[in-house]
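This report describes one protein chain for a reader who is new to structural work. Please look at the sequence and the model together while reading.

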Amino acid sequence: MSETRTISVIVTGRVQGVSYRAWTQSEARARGLAGSVRNRDDGTVEAVFSGAPEAVAEMAALCRLGPPGARVTDVAARDGGDVPRDGEFRILRD
């Protein structure tokens, strides 16, 4: 049985309107991670990553860069978060 780590991150800066969610989904799927990403009303982006601890750590580090056009000023991470039961990584639109 393999170890799984789950984290939630809040990304602050110019992260909406720059394809941050699509970029996050692509990068997370490339690393075999489950979870989700969504825009929040306050202008931040929230994501949950779950999978191999090394891949989760790599994704958290990548969130500090983001896609071209993004200007990340902070990434706050904490352990835990809700993960889709089907193991997919999806963009939430709510």
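Contact, in this report, means heavy atoms within 4.5 Å. Helices (H or I, at least four residues) and strands (E, at least two) are DSSP runs, numbered from the N terminus. A residue is called buried under 20% relative accessible area and exposed over 50%, with partly exposed in between (1.4 Å probe, protein chains only).

The model is predicted: local features need pLDDT of at least 70, side-chain atom pairs count only at pLDDT 80 or more, and totals for chains, interfaces and linings use all residues. Residues are numbered from 1 along each chain as its sequence is written, and side-chain values use heavy atoms, with hydrogens and water left out.

## The chain as a whole

The chain holds 2 helices and 5 strands. Read from the N terminus, these elements follow the order β-α-β-β-α-β-β. The radius of gyration is 12 Å, close to the 12 Å that the globule rule gives for 94 residues, so the chain is as compact as a globular protein of that length. That radius is taken over C-alpha atoms, and the globule rule is 2.2 Å times the number of residues to the power 0.38. The C-alpha trace spans about 40 × 25 × 20 Å along its principal axes.

Of the 94 residues, 41% count as buried. Among contacts between residues at least 6 apart in sequence, 78% join residues at least 24 apart. The chain exposes about 5400 Å², of which carbon and sulfur atoms supply 45%; accessible areas come from the Shrake-Rupley method with a 1.4 Å probe, and for residues only the protein chains shown count as cover.

## The nonpolar core

In soluble globular proteins, nonpolar side chains tend to be buried together. A nonpolar core is a set of buried Ala, Val, Leu, Ile, Met, Phe, Trp, Tyr and Cys residues joined through side-chain atoms within 4.5 Å. The largest such core here has 23 residues, and those with the most contacts inside it are Val9, Val11, Tyr20, Leu33, Phe49, Met59 and Cys63. Two or more residues each come from strand 1 (5–14), helix 1 (20–30), strand 3 (45–51), helix 2 (53–62) and strand 5 (89–91). Helix 2 gives the largest share, 5 residues.

Leaving aside neighbours within four places in sequence, Val11 is in contact with Tyr20, Thr44, Val45, Cys63, Val72, Asp74 and Val75.

Which residues of helix 1 are buried? They are Tyr20, Trp23, Thr24, Gln25 and Ala28. These residues pack against strand 1, strand 2 (34–39), strand 3, helix 2, strand 4 and strand 5. Thr24, placed in helix 1, touches Val37, Phe49, Met59 and Phe89, not counting residues up to four places away in sequence.

In helix 2, the buried residues are Pro53, Ala55, Val56, Met59, Ala60 and Leu62. Their cover includes strand 1, helix 1, strand 3 and strand 4 (71–79).

Ser19 lies in the loop between strand 1 and helix 1, and its phi is near 65°, a positive value in a residue other than glycine. Most residues other than glycine have a negative phi. Ser19 counts as exposed because its relative accessibility is 52%. Just after helix 1, Gly32 takes a positive phi of about 70°.

| Pair | Apart in sequence | Apart in space |
|---|---|---|
| Val37 and Ala47 | 10 residues | 4.1 Å |
| Val48 and Ala60 | 12 residues | 9.7 Å |
| Ser36 and Glu58 | 22 residues | 16 Å |

Val37 is in strand 2 and counts as buried because its relative accessibility is 0%. Beyond four places in sequence, the contacts of Val37 include Thr24, Ala47 and Phe89.

Ser36 is also placed in strand 2. At 9% relative accessibility, Ser36 counts as buried. Not counting residues up to four places away in sequence, Ser36 touches Glu46, Ala47, Val48, Phe89, Arg90 and Leu92.

Val48 belongs to strand 3 and is buried, with a relative accessible area of 7%. Outside four places in sequence, the contacts of Val48 include Ser36, Asp82 and Phe89.
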